[in-house]
Amino acid sequence: MKVKLLFTALILVSSSSLIAQINWLTMEQALELQKKQPKKMMIDAYTHWCGPCKKLKEITFVSPKLVEYVNEHFYAVAFDAESPDSLVFKGVTYKNPDFKPNFPGRNGVHQFSRFLGVAAYPTIIFMDEKGEIVDRMVGFRTASECEPYLKYVGDDIYKTYDTVEKKASWVGEFKVTWN
């Protein structure tokens, strides 16, 4: 019996390390990589207290097909929208002047969050290779609900379907394959 339990535990531990993972970067790391090899960015604007943000990380961002697609087409940035750290984007320094150290709940909103147009958490911001905002996705979504948004940007569909109406039509007709 003990051998079976030990064997089962070893299988669970080894299989958990095989779970697909997104290659998360800081904004600074992504911008540095952009200089060498331009690539679209997917920015996950989250907060530590946000339930849907945690759910997105635990459920959606571990889907093997989503992980594979994101890692291939995007620099994935995890951005704490209430971070105390400053960052420089396109020559502008963004800070969080209202941040309160050791404050347990909601904290000051980072200026970069405002620049990105974040109004709710989580918000996924998609940027092109030049750092221009292409699209946003607000709230918790499953992998299959993320698929049309990711492919809309990742496959350059946004360049053809460039109005709200055209995008809505394309998304409405999209056939989900990440079930």
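Colleague: Where is Thr47 found?

Modeller: Thr47 is found in the loop that runs between strand S2 (40-46) and helix H3 (51-60). Please bear in mind that this is a predicted model.

Colleague: Is Thr47 buried or exposed there?

Modeller: Thr47 counts as buried, because its relative accessibility is 2%, and the cut-off for a buried residue is under 20%.

Colleague: What does the side chain of Thr47 reach?

Modeller: The Thr47 side chain reaches the backbone nitrogen of Cys50, at 3.4 Å.

Colleague: And which residues does Thr47 touch, not counting those up to four places away in sequence?

Modeller: Thr47 touches Cys53, Asp80, Ala81, Glu82 and Tyr121 on that count.

Colleague: Let us turn to the whole chain. How many helices and strands does the chain have?

Modeller: There are 7 helices and 7 strands in the chain. Starting at the N terminus, the order of the elements is α-β-α-β-α-α-β-β-β-α-β-β-α-α.

Colleague: What share of the residues is buried?

Modeller: Of the 179 residues in the chain, 40% are buried. The accessible surface of the chain is about 10,500 Å², and carbon and sulfur atoms hold 58% of that surface.

Colleague: A particular residue, then. Where is the place of Leu66?

Modeller: Leu66 is in helix H4, which covers residues 64-73. Its relative accessible area is 1%, so Leu66 is buried.

Colleague: Which residues is Leu66 in contact with, leaving aside neighbours within four places in sequence?

Modeller: Leu66 is in contact with Ile22, Thr60, Phe61, Ala143, Cys146, Leu150 and Trp178.

Colleague: Now the charged pairs. How many salt bridges does a search of the whole structure find?

Modeller: The search finds 9 salt bridges. In one of them, the side chains of Glu32 and Lys35 meet, with 3.3 Å from N to O.

Colleague: Why are Glu32 and Lys35 separated by about one helical turn?

Modeller: Glu32 and Lys35 are separated by about one helical turn because they are 3 residues apart in helix H2 (residues 27-36). Glu32 is partly exposed, at a relative accessible area of 40%, whereas Lys35 is exposed, at 64%.

Colleague: Which residue forms a salt bridge with Lys40?

Modeller: Glu129 forms a salt bridge with Lys40, and their closest N and O atoms are 3.0 Å apart. Glu129 lies in the loop between strand S6 (123-127) and strand S7 (133-138), and Lys40 lies in strand S2, so this pair ties together parts that are 89 residues apart in sequence.

Colleague: Is Lys40 buried or exposed?

Modeller: Lys40 counts as buried, at 5% relative accessibility. Salt bridges with shared partners join Lys40, Glu129, Asp156 and Lys159 into one network. Glu129 is partly exposed, with a relative accessible area of 32%.

Colleague: Which residue does Lys166 meet in a salt bridge?

Modeller: The side chain of Lys166 meets that of Asp162 in a salt bridge, at 3.5 Å from N to O. Lys166 is partly exposed, with a relative accessible area of 41%.

Notes
Residues numbered from 1 in each chain as written. Predicted model: local features only at pLDDT ≥ 70, side-chain atom pairs only at ≥ 80, totals over all residues. Heavy atoms only, no water. Helix = DSSP H or I, 4+ residues; strand = E, 2+ residues; numbered from the N terminus. Buried < 20%, exposed > 50% of the residue type's maximum accessible area, 1.4 Å probe, protein only. Polar contact = N/O pair within 3.5 Å; in protein donor to acceptor, adjacent residues only side chain to side chain. Contact = heavy atoms within 4.5 Å. Areas by Shrake-Rupley, 256 points an atom, 1.4 Å probe, with all protein chains shown as cover. Salt bridge = Lys/Arg side-chain N within 4 Å of Asp/Glu carboxyl O.
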